[in-house]
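Thanks for coming. Let's go through one structure together, then take comments at the end.

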Amino acid sequence: MNISDVYENLTWETVMLLNDTDSNTTAEPGISMASTAVLSTVLSLLILFTIVGNISVIVAITREKALQTKGNCLVLSLAVADLLVACLVMPLGAVYEVNREWTLGKELCDIWTSFDVLCCTASILHLVAIAVDRYWAVTDIDYVRQRQSWHVGLTIMIVWLVALSISVAPLIGWKDDLHEERVLSEKRCLISQDPGYQLFATCATFYVPLIIILLLYWRIFRVAQKRIRRRPGTRAESRLVSATVMASLVTEMTLISNTTSSSHPSEASRSEDYLWDHSKEQVLKKRRRVNLRTKRERKAAKTLTVITGVFVICWLPFFTMALLMPLCEDCQPSNTVFSFALWLGYANSMLNPVIYTVFSPDFRMAFKQIYLTSCRF
């Protein structure tokens, strides 16, 4: 094997080290191959888990009648969007990461970035649609009963149309002047870096949906908190006040009767003890209801915190860089930082099936049946 063949088989890191020193010629290829193997394994597992999780949601909703509700149609469409992320976006992204350069041509780069924007935007906008649906269900008592299938279908159609309009804009000419050179010469495949497009795309895809989701879930939590406090609290307090007043009146009457007559002290004592015991029982019931109310509030806060927190953690780093890169030449992140932020956003498609189903007993039961059935085969 001649020296040119050796250089063709080595990674670019090894070539750089060979130019600097000969001491690392034996160790660096092994290190590079190991890091490439680890990266390939991690990305493959991420893709696999995303596919399995979203297929499980789709199968559960299509199989179980208890899950075939109008609200779960949005969850089903969300699972489809996340499944498309795993099937159409992540595989080529993994090849790009492992090779550390784009070698698949300009046309395929445009197609891949368009699918990236389409599927990821649809996934995020579905989270907004689910938040709006939950908000109306909480604030409007008649919404769940009056909601029609075509309402949900129209919402899903609007989500996909908005995502499609954002994704095709670069294909019809909204690109920066250096797009072709960046792909062919620099071997980098990025969505259009035109400042106007990036401002439009990042706001429509992330920042506006983020504000809407935060406001809606905050309102949902406040409304649920007021209802939880109002319903059990008023009744318990009214019964407690009544029992306390009755006990006080009977106690005063008993004291008066004891001073005027001692013919039946035992009956008066037993009556007083009974009423005070009844009052204590009411106090204990109220405490139990307060504890139950507190648990409900904590569970609601935990659920909404997980939903919004995971969404923000996964996508905020990427969209912050996506907005800064075309606007600030000195704010360009390294390839490693950019890749980590991008795949952190992709990971949201893996986590969505867990977040939006783990709090549902019906989904947990359906998943259990699916996995037990698959294990038998």
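Start with A94, which sits in helix α4. Helices here are DSSP runs of H or I with at least four residues, strands are E runs of at least two, and both are numbered from the N terminus. One caution: this is a predicted model, where local features need pLDDT of at least 70, side-chain atom pairs count only at pLDDT 80 or more, and totals for chains, interfaces and linings use all residues. Residues are numbered from 1 along each chain as its sequence is written, and side-chain values use heavy atoms, with hydrogens and water left out.

Is A94 buried or exposed? A94 is buried, because its relative accessible area is 13% and the cut-off for buried is under 20% (exposed is over 50%, partly exposed is in between, with a 1.4 Å probe and protein chains only). What does A94 touch? Leaving out residues up to four places away in sequence, A94 touches L43, I47 and W343. Contact means heavy atoms within 4.5 Å. L43 is 51 residues from A94 along the chain, yet their C-alpha atoms are separated by 6.3 Å.

Next, N54, in helix α3. N54 counts as buried, because its relative accessibility is 1%. Its contacts, not counting residues up to four places away in sequence, are A79, D82, L83, S349 and P353.

Now the whole protein. It has twelve helices and zero strands. Of its 377 residues, 38% count as buried. Take contacts between residues at least 6 apart in sequence: 78% of them join residues at least 24 apart.

On to the largest pocket. Its volume is about 1,100 Å³. For the method: on a 1 Å grid over the protein atoms alone, a pocket is an open set of points with protein on both sides within 12 Å along at least five of seven lines, while a cavity is a set where a 1.4 Å probe fits but cannot get out; lining residues have an atom within 4 Å of a point. Grid points are joined across faces, edges and corners, and the volume is the space filled by probe spheres set on the points.

The largest pocket is lined by 42 residues, and the closest to its centre are Y96, E97, F338, S339 and L342. Which helix gives the most to the lining? That is α11, with seven residues. Helices supplying at least two residues each include α3 (28-63), α4 (70-99) and α11 (335-358). By class, the lining has 24 nonpolar, eleven polar and seven charged residues. Nonpolar covers Ala, Val, Leu, Ile, Met, Phe, Trp, Tyr, Cys and Pro; charged covers Asp, Glu, Lys and Arg; the others, Gly among them, are polar.

α5 and α7 (residues 149-168) pack at about 145°, with axes 8 Å apart. Axes are lines fitted to C-alpha atoms over the stretch in contact, and angles run from 0 to 180 degrees between N-to-C directions. The contact of α5 with α7 has twelve nonpolar, five polar and no charged residues.

Last, backbone. Most residues other than glycine have a negative phi. R100 has a positive phi, near 65°, and lies in the loop between α4 and α5. K187 has a positive phi near 60°, in the loop between α8 (179-184) and α9. R100 is partly exposed at 38% relative accessible area, and K187 is partly exposed at 32%.
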